[in-house]
Amino acid sequence: MKQVRIGIAGMGNMGKFHADYLLNGKVERCALTAVSDAIPANLERYKNLKTFDDSGKMVRSGEIDAILIATPHFLHTTIGIEALKNNIHVLVEKPISVHKADCERLIAAHNNPKLVFSAMFQSRTESKYRRIKKLIDDGELGKLTRVNWIVTDWYRTEAYYASGGWRATWKGEGGGVLLNQCPHNLDLLQWFCGRPARVRGFCQLGRYHDIEVEDNVTAYMEFPNGATGVFVTSTGESPGTNRLEIAGERGKLVLEQSKLTFIRNEVSMLEFSKTSSAGFARPDTWNVEIPFDGSGGQHPDITRNFVNAILDGEPLIAPASEGVWSVELANAALYSSLINEVVDLPLDAAAYEKKLNQLIAESKFEKKVVQTAGEDFTKSFSR
Ligand SMILES: NC(=O)c1ccc[n+]([C@@H]2O[C@H](COP(=O)([O-])OP(=O)(O)OC[C@H]3O[C@@H](n4cnc5c(N)ncnc54)[C@H](O)[C@@H]3O)[C@@H](O)[C@H]2O)c1
């Protein structure tokens, strides 16, 4: 194969965005050949391509080698499984599925090692996050002791929530801010610090908006080595904060307002505490501002890596199998809040699925859909 023929499932905001850069040649050695959407009007602008009212027909059409799934969340699992079973390479939007059990079903369907299965976690390519990852992986912070991420700059209005029937409902989206806005943050948090061992979530459902799912969250985490974490997020707070602090025995990283600083302990704070004879002494520090450019963080970066993986075997930046991490952590924080208990990880996937199904069955919420016209949705990820 010299060129990958890509089909997109779901031609809403994100599907259109992916189609635009593919049609503009932003990713080499691939061609957008087909699109599918359940609403025929969403296909009209793609008359030069093969169009399908059903993604299954597109998957079986012989017109595509790979599929990019940009539908509402629950469909990621069903469309992804169908594609993998039909020997189609898959690039799935975040979150890879709504809940852990569905993630496991989807990942289990990837049983042909020749098929590439990737997830759209474009933040992993952002220069500032790559710097943090490298500093931690190189051992510059030593043993990690604490992570705090306040991400309350995901502000959304009632008009946003009213703009799609599936949004912010248990049945349509399967969750709120943790599942829609935060998968990138939750993915990065674990990419940097590893996976927590236990979680206690406090999730407020519809605190700021007329929705039934969570829009304000504080989650406490403990990691296997005893490190602690707090993750705070909201779609109701403005101006909001985006501050990431990661502390380790060798110092503290802070990322805020496009500035990454590393206050480096000259010696391990843990060793210093054990060996110093002075009660109020502390390790000497050096202040280092870590430079980074504005590169990366673009969706075509992940799509290009997906195409290179298919054609050349390039290692994936975001294998879809790792997409279960952010879903599991989102599920665990919500589950903990709903049952009012600390939840140990790995999360009991069946218990959470049962709880979510109960929320769906008992929902009395009636969604009022009001379409917004002409708004630039790319503002949603260019904060
Ligand atoms: N990576 C990112 O930065 C990013 C940003 C925004 C959204 N997303 C993700 O992209 C996905 C889509 O979000 P969106 O904002 O574009 O939603 P959207 O509602 O604008 O679009 C979804 C589209 O899917 C179509 N659809 C529904 N059922 C279908 C089916 N069975 N087959 C084919 N199409 C079907 C709908 O008609 C709609 O056009 C979500 O998973 C979302 O989380 C990712």
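Q: In β3, which residue is the bridge partner of A34?
A: The model considered here is predicted. Strand β2 covers residues 30-36, and three bridges join β2 to β3 (residues 50-52), the two strands running parallel. Within β3, the bridge partner of A34 is K50.

Q: Which residue of β2 is the bridge partner of I6?
A: Strand β1, residues 4-9, pairs with β2 in the parallel sense over six bridges. I6 has its bridge partner in β2, namely L32.

Q: How many of the seven residues of β2 are buried?
A: A residue counts as buried when 20 or more other C-beta atoms lie within 10 Å of its own. Strand β2 is largely enclosed by the rest of the structure, because the number of its seven residues that are buried is six.

Q: What is the phi of R29, which is not a glycine?
A: R29 lies in the loop between α1 and β2. With 14 C-beta neighbours inside 10 Å, R29 counts as partly exposed. Its phi is positive, at about 60 degrees.

Q: How many of the 17 residues of α11 are buried?
A: Helix α11 reaches 25 Å from its first C-alpha to its last, close to the 24 Å expected at 1.5 Å a residue. The helix is largely enclosed by the rest of the structure, because the number of its 17 residues that are buried is 15.

Q: Which elements are included in what covers the buried residues of α8?
A: Helix α8 (residues 183-193) is mostly covered, with eleven of its eleven residues buried. Among these buried residues are H184, D187 and W191. The cover includes α5 (127-137), β7 (144-151), α7 (177-180), β10 (228-234), β11 (242-248) and α11.

Q: What is the omega of the cis peptide bond from K94 to P95?
A: P95 is found in the loop between β5 (89-92) and α4 (100-108). The bond from K94 to P95 is cis, and its omega is near -15 degrees.

Q: Where does P239 lie?
A: The peptide bond from S238 to P239 is cis, with omega near 5 degrees. The place of P239 is the loop between β10 and β11.

Q: What is the phi of S258, a residue other than glycine?
A: S258 sits in the loop between β12 (251-256) and β13 (259-265). It counts as exposed, because it has 9 C-beta neighbours inside 10 Å. The phi of S258 is positive, near 60 degrees.

Methods:
Residues are numbered from 1 along each chain as its sequence is written. This is a predicted model: local features need pLDDT of at least 70, side-chain atom pairs count only at pLDDT 80 or more; totals for chains, interfaces and linings use all residues. Helices (H or I, at least four residues) and strands (E, at least two) are DSSP runs, numbered from the N terminus. A residue is buried if 20 or more other C-beta atoms lie within 10 Å of its own, exposed if 12 or fewer, and partly exposed in between; C-beta atoms are placed from the backbone. Two residues are in contact if their C-beta atoms, placed from the backbone, lie within 7 Å. The expected span of a helix is 1.5 Å times one less than its number of residues. Two strands pair if DSSP finds at least two bridges between them.
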